[in-house]
Amino acid sequence: MKPIQVGLLGIGTVGSGVFNVLQRNQEEISRRAGCGIQISMVADLDVERAKSVVGESAQVVSDARAIIANPDIDIVVELIGGYGIAKALVLEAIAAGKHVVTANKALLAVHGTEIFAAASAKGVMVAYEAAVAGGIPIIKALREGLTANRIQWLAGIINGTTNFILSEMRDKGLDFDVVLKEAQRLGYAEADPTFDIEGVDAAHKATLMSAIAFGIPVQFDKAYVEGITKLGAADIKYAEQLGYRIKLLGISKRTDKGVELRVHPALVPAKRLIANVEGAMNAVVVNGDAVGTTLYYGKGAGSEPTASAVIADLVDIARLHTADPHHRVPHLAFQAHTLHAAMDSLPVLPMSEVVTSYYLRLRVADQAGVLAQVTGILAGLGISIDAMLQREADEVGGEGSTQTDLIILTHDTREGTMNDAIAQMQQLPTVLAAITRIRKEELN
């Protein structure tokens, strides 16, 4: 078979990794794919830098549309990122009959329904393994490896920046702001880290995994998103004393009422494997009714780990591009016509309807009767307590302090009920600061 011709849009960190790995492992990849896979065109605004990467082996242009217009290009690899020009180029490539490989989780989480519909109508594939968890083949696992299962839930550490920050906070006992600056200095965090630290990046990825797991359209606008900016070193320490570690998790669960789709910090039992995923590494836990609980672990970003996923998609397309489109693996694992019908039986639940357990930290006046007031409010709303810590005032505020921390772990309750409880407790004159609430996930 003649080699598959690939056009690369963007040759930055990931693009150069794709080029280098494809060059280095060309023989192995060709044996797997059944044909050669050749990057014959590259588009990048920095033409000279692009030429320094690819040399004479590929034509370099500054206009991405020159690749889309080239009739010899079979697959367009989009590595530009963002929602803007990337969306236009992907849709134009599909309209031109090109297959698309993308690492753009933001684009697919927000516009995936439109993009997948356009691809299906044109009979082309959109492959996106690199969009979630870098080098971990979690998309393929959910779409193909776990096909026999009714997925019950999944939970993932799917943002390396936040996991690095939380790991450093735990190891060094430092607050968030201090560790963020260090993460930026070391290159783990962007100059503008908002998408990472506010949970948006993880929510893009969780949205895609949720759609594949439960056979529903991508619905990023319905995800609950909360980052790690309000976490303090004290919370990391108290969680440890209670036998937990705090991780930013992307979570999706099937319930009797619908699907939960949420990203937020969570207490995870220290004995769980995922609780021991440190640094910038990623991990995803998936629970299926037949297979039980499975764990996928590895590098969630970086040049060659992400390139590994991009090239796996190129090989899949090389194998399947001549197949009847109706016999290919569906974009979101389930046949496209069933996705919207599933929205009625599996709506994405508002956060107020989610049921989980909680860690609460209250800074309170060190005086008699405070504990009774707090527990009275919880009892009045039917919230039962699982465990409690009360620190000595001297330990919290130094010698002579008149304040202390009260830490409460609850049993499962509805989020809306917990919101009411926190609002009532916050009104107590003996509660001296904003109450910290972190959800708790047993993941068993």
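**Reading a predicted chain: burial, rings and backbone**

Biologist: What does the radius of gyration tell me about the chain?

Modeller: You take it over C-alpha atoms and compare it with a globule rule, 2.2 Å times the number of residues to the power 0.38. For 444 residues, a compact globule would come out near 22 Å, and the chain's 24 Å agrees with that. The C-alpha atoms fill a box of roughly 80 × 45 × 35 Å along the principal axes. Buried residues make up 55% of the 444.

Biologist: And how do I read contacts in the chain?

Modeller: A contact means heavy atoms within 4.5 Å. Of the contacts with a separation of 6 or more, 74% join residues 24 or more positions apart.

Biologist: How many aromatic pairs does a search of the whole structure find?

Modeller: Rings of Phe, Tyr and Trp (its six-membered ring) pair if their centres lie within 6.5 Å; planes under 30 degrees apart are stacked, over 60 edge-to-face, and the rest tilted. The search turns up two pairs. Phe 116 and Tyr 128 have ring centres 5.5 Å apart and planes at 35°, so that pair is tilted. It links distant parts of the chain, with Phe 116 in helix α6 and Tyr 128 in the loop between β6 and α7 (138-145), 12 residues apart. Phe 116 is buried at 6% relative accessibility, and Tyr 128 is buried at 1%.

Phe 164 and Tyr 188 form a stacked pair, 4.1 Å centre to centre with 20° between the planes. Phe 164 sits in helix α8 (residues 160-172) and Tyr 188 in the loop between α9 (176-186) and α10 (194-197), so the pair ties together parts 24 residues apart in sequence. Phe 164 is buried, with a relative accessible area of 7%.

Biologist: Which residues of α7 are buried?

Modeller: First, the general idea: an α-helix has 3.6 residues a turn, so residues three or four places apart point the same way. In α7 the buried residues are Ile 138, Ile 139, Ala 141, Leu 142 and Arg 143. They pack against β7 (151-157), α11 (200-214), β11 (281-288) and β12 (292-299).

Biologist: What about phi of Ala 133?

Modeller: Ala 133 has a positive phi, near 65°, and is a residue other than glycine. Ala 133 lies in the loop between β6 and α7 and is buried at 1% relative accessibility. Ala 333, also not a glycine, has a positive phi of about 75°. Ala 333 is in the loop between α13 (303-320) and α14 (339-345), partly exposed at 21%.

Technical notes: Residues are numbered from 1 along each chain as its sequence is written. This is a predicted model: local features need pLDDT of at least 70, side-chain atom pairs count only at pLDDT 80 or more; totals for chains, interfaces and linings use all residues. Side-chain values use heavy atoms; hydrogens and water are left out. Buried means under 20% relative accessible area, exposed over 50%, partly exposed in between (1.4 Å probe, protein chains only). Helices (H or I, at least four residues) and strands (E, at least two) are DSSP runs, numbered from the N terminus.
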